Amino acid sequence: MNETIAETEKSRLAKMIDHTLLSPTATKVQIERLCDEAAQNNFASVCVNPVWVKFCAEKLRETRVAVCTVIGFPLGADKTEVKTFAASSAVLDGADEIDMLINIGKAKEGDFDFVREEIEQVVRAAKSAGDADGKKILVKVILETCFLTDGEIEKCCIAAKSARADFVKTSTGFAAPKNEKGEPLPNGASVRHIALMRKTVGSEMGVKASGGIRTAQFARDLVEAGATRLGTSSGISIINGE
């Protein structure tokens with residue numbers, strides 16, 4: 001039986017949700033429905049691939065729903081120059097929020113100076129493009145935590161904070177980590193990683209949980225651990241207590 005949640009909690013959760021559709025097969029009809037659902041449920045944003053930013057910005061122009069897009073997605077392996085151009089281009093198309101993926105290989109090598117400098121460049125490009133249009137742009141930094149040790153997560157969080165990003169974020173939802181035997185390992189958000197990220201960045205930054213968030217109880221657990229945004233394609237069922 002579905003659990004009924006109080007209207008105050010429903011409203012609170014809705015304002016934390018980035019209503020997400022990042023499938024490569026997404027169609028205009030599906031993106032339009034995503035926007036309609038976000039507006040009807042007062043979600044924080046829609047999160048879409050860059051090709052849909054301009055359409056969503058126009059569709060949501062008379063609402064309070066922000067347009068979020070992804071940069072360097074889903075591998076993080078684009079050149080820094082490509083990420084900065086993509087970020088500024090997305091803002092010019094109407095994006096309000098940029099979710100950028102770090103260079104995971106550089107983090108695994110321990111080159112956190114590179115990680116920080118790349119984030120700085122993307123933050124600068126996105127916010128400069130926003131300033132030119134009188135908009136305050138939020139930049140969220142995706143770590144892809146399933147590939148990182150706790151120590152690497154902490155250092156990436158410190159790099160993102162130093163680079164003046166607005167959020168750190170767990171996952172793309174597209175990673176497929178495996179062990180030495182080729183068996184699948186967990187990916188996506190976890191309460192433990194959210195708590196670690198919140199402890200590392202303190203209260204000055206947002207923390208976004210994403211990847212595998214499908215139930216109201218898991219959403220609550222993540223928020224209790226320190227998440228201030230939830231990236232999910234299951235937002236409607238979550239706010240309805242399912």
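Colleague: What makes the crossing of α4 and α6 right-handed?

Modeller: This is a predicted model. A crossing counts as right-handed if the near helix is turned clockwise from the far one by less than a right angle, and α4 passes α6 in that right-handed sense.

Colleague: Why are α4 and α6 called roughly parallel?

Modeller: Helix α4 (residues 80-93) and helix α6 (residues 112-132) pack at about 25 degrees, with axes 8 Å apart. Angles under 35 degrees count as roughly parallel, so α4 and α6 get that label.

Colleague: Which residues make the contact?

Modeller: From α4 they include Thr80, Lys83 and Val91, and from α6 they include Phe114, Glu118 and Gly130. Heavy atoms within 4.5 Å are what counts as contact. By class, 7 residues in the contact of α4 with α6 are nonpolar, 5 polar and 2 charged.

Colleague: Which residues are closest to the centre of the largest pocket?

Modeller: The largest pocket holds about 390 Å³ of space. Of its 23 lining residues, Thr172, Gly173, Gly211, Gly212 and Ser233 are closest to the centre. The elements giving two or more residues to this lining are β1 (17-21), β7 (206-210) and β8 (229-232). The lining has 6 nonpolar, 14 polar and 3 charged residues, with Gly counted as polar.

Colleague: What lines the second largest pocket?

Modeller: That pocket has a volume of about 150 Å³. Among its lining residues are Lys15, Phe43, Arg64 and Val65. The lining of the second largest pocket divides into 4 nonpolar, 2 polar and 2 charged residues. Lys and Arg count as charged, so Lys15 and Arg64 fall in that class.

Definitions and conventions: Residues numbered from 1 in each chain as written. Predicted model: local features only at pLDDT ≥ 70, side-chain atom pairs only at ≥ 80, totals over all residues. Heavy atoms only, no water. 1 Å grid on protein atoms, 1.4 Å probe; cavity = no way out; pocket = protein on both sides within 12 Å on 5 of 7 lines; lining within 4 Å. Points joined across faces, edges and corners; volume = space filled by probe spheres on them. Helix = DSSP H or I, 4+ residues; strand = E, 2+ residues; numbered from the N terminus. Axes fitted to C-alpha atoms, helices over the stretch in contact; angles between N-to-C directions. Parallel < 35°, antiparallel > 145°, perpendicular 65-115°, else oblique.
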